Amino acid sequence: MLNIIEFFRNLPKKKCSQCGLDMTEQADCYGNLCDECDHPAR
Ligand SMILES: [Zn+2]
């Protein structure tokens, strides 16, 4: 179980493919777009 935690901790930070903004881990589920670029209301 510890290996899984280490795996996610060691993941490199993603950058938004549209604006280049550094993304936090919580944005990973949205792919390569940050919250601003991947806003559902836009
Ligand atoms: Zn963006």
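Glutamine 18 lies in the loop that joins strand 1 (14–15) to strand 2 (22–23). Helices (H or I, at least four residues) and strands (E, at least two) are taken as DSSP runs and numbered from the N terminus. The model is predicted, and local features need pLDDT of at least 70, while side-chain atom pairs count only at pLDDT 80 or more and totals for chains, interfaces and linings use all residues. Residue numbers start from 1 along each chain as its sequence is written.

The protein chain contains one helix and two strands, and from the N terminus these elements follow the order α-β-β. Of the 42 residues in the protein chain, 5% are buried. A residue is classed as buried if 20 or more other C-beta atoms lie within 10 Å of its own, as exposed if 12 or fewer do, and as partly exposed in between, with C-beta atoms placed from the backbone.

Glutamine 18 counts as exposed because 12 C-beta neighbours are found inside 10 Å. Contact between two residues is assigned if their C-beta atoms, placed from the backbone, lie within 7 Å. When neighbours within four places in sequence are left aside, glutamine 18 is in contact with Leu33 and Cys37. The C-alpha atoms of glutamine 18 and cysteine 37 are separated by 6.9 Å, with the two residues 19 apart along the chain.

Cysteine 34 belongs to the segment after strand 2. This residue has 20 other C-beta atoms within 10 Å and is therefore buried. The C-alpha atoms of cysteine 34 and serine 17 are 8.1 Å apart in space, for residues 17 apart in sequence.

Lysine 13 is placed in the loop between helix 1 (2–9) and strand 1. Lysine 13 has 9 C-beta neighbours inside 10 Å and so counts as exposed. Apart from neighbours within four places in sequence, the contacts of lysine 13 are Asp22 and Met23. The C-alpha to C-alpha distance between lysine 13 and methionine 23, ten residues apart in sequence, is 6.5 Å.
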